[in-house]
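Me: I would like to learn how to read ring contacts in a protein model. Can you take me through one?

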Amino acid sequence: MKLLSFLDGNRESWGAVVENGVVDLGRALPRYPTLADFVGSDDYARRDAIVAEHKPALALSAIRYLPVIPRPEKIVCAVRNYLDHHNEAVAFGMKREITEFPPIFLRVWRSQVGHNAPVVRPKVSDNFDWEGELAVVIGKGGRHISQADAWNHVAGYSIYNDVSVRDWQRHAQQIASGKNFVGTGPFGPWLVTPDEIGDPAKLKLETRVNGATVQSSDTSMLIFSIPRLIEYCSTIFDLVPGDVIATGTPAGVGFTREPPIFLKPGDVVEVEIENIGVLSNPVVDEA
């Protein structure tokens with residue numbers, strides 16, 4: 001099943017994709033105002049039966065996509081979590097070691113945009129880089145979650161593009177400055193439930209800029225697995241329904257190229273992940 005958040009005119013809602021239509025579950029299930037509320041509920045296990053009770057009320061082409069979880073409490077992003085990306089950073093001259101614990105940082109929800117929405121290059125930089133990533137959406141919250149139990153806490157999977165302002169990322173040892181500009185976190189187009197994903201450790205990932213492939217890898221290259229990331233994050237935070245874990249990006253980012261390649265207005269960046277779909281965003285300059 002594919003679940004998404006959207007705008008119908010100016011009304012924010014969420015629902016399920018059925019063929020080329022959308023079942024408006026926000027309207028049908030007012031006790032769950034948001035998709036995050038639904039994935040954290042007991043009814044989430046009954047989602048197939050619930051959706052079957054309703055017919056699509058909207059065409060998929062008529063809605064405006066919102067970030068899958070528009071206002072997650074936490075967006076936890078893993079750093080250099082693909083072996084091929086780690087190796088390209090070292091080859092570029094960065095002094096990096098594979099650490100015992102997953103390096104992470106936090107994104108703010110206001111930095112997010114939905115599928116097809118413009119990603120915004122800020123006025124202060126032209127070092128604007130792509131990072132296609134598999135996103136994990138938490139369904140069942142918890143603290144001190146074991147790796148053995150981690151899969152039981154996953155509501156589903158989506159696509160994240162952790163678009164990065166590289167020079168601001170290097171202002172200090174922490175990198176959050178370059179990771180939280182407004183309009184730089186494409187997230188979508190939808191959440192796909194685990195039953196449709198297969199093995200999340202064997203998914204192909206490709207990023208394209210103007211149709212040219214710039215990243216091509218798969219999630220078997222993850223250094224820290226999804227259960228390890230959930231275990232680690234839940235040791236620090238109370239994970240809650242709707243929290244997002246962006247699992248890191250593979251090799252092929254723009255800053256390591258010679259010469260560097262960065263996103264510019266007029267570009268279209270697409271991230272495609274096997275069994276999920278394509279997240280597409282045009283690039284514009286900040287007004």
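Reply: Start with a group of rings. In this predicted model, W14, Y32, F38 and Y44 form one aromatic cluster.

Me: Which charged end sits over the ring of Y44?

Reply: For a charge over a ring, check the distance to the ring centre and the angle to the ring normal. Here the charged end of R47 sits over the Y44 ring, 4.4 Å from its centre. There is another case: R71 lies over the face of W109, with 5.9 Å to the ring centre.

Me: How many aromatic pairs does a search of the whole structure find?

Reply: Seven. One of them joins F101 and Y232.

Me: How do I read the geometry of the F101 and Y232 pair?

Reply: Use the angle between the planes; under 30 degrees counts as stacked. F101 and Y232 have 25° between their planes, so the pair is stacked. Centre to centre, the distance is 6.1 Å.

Me: What feature does UniProt place at residues 74-284?

Reply: The unreviewed UniProt entry gives "domain: Fumarylacetoacetase-like C-terminal" there. Over residues 74-284 the chain is 12% helix and 33% strand. The end C-alpha atoms of that stretch are 26 Å apart.

Note on methods. Residues are numbered from 1 along each chain as its sequence is written. This is a predicted model: local features need pLDDT of at least 70, side-chain atom pairs count only at pLDDT 80 or more; totals for chains, interfaces and linings use all residues. Side-chain values use heavy atoms; hydrogens and water are left out. UniProt positions are given in the numbering used here, feature names are shortened, and annotations may be inferred rather than shown by experiment. Helices (H or I, at least four residues) and strands (E, at least two) are DSSP runs, numbered from the N terminus. Rings of Phe, Tyr and Trp (its six-membered ring) pair if their centres lie within 6.5 Å; planes under 30 degrees apart count as stacked, over 60 as edge-to-face and the rest as tilted. A charge sits over a ring if NZ of Lys or CZ of Arg is within 6 Å of the ring centre and within 35 degrees of the ring normal.
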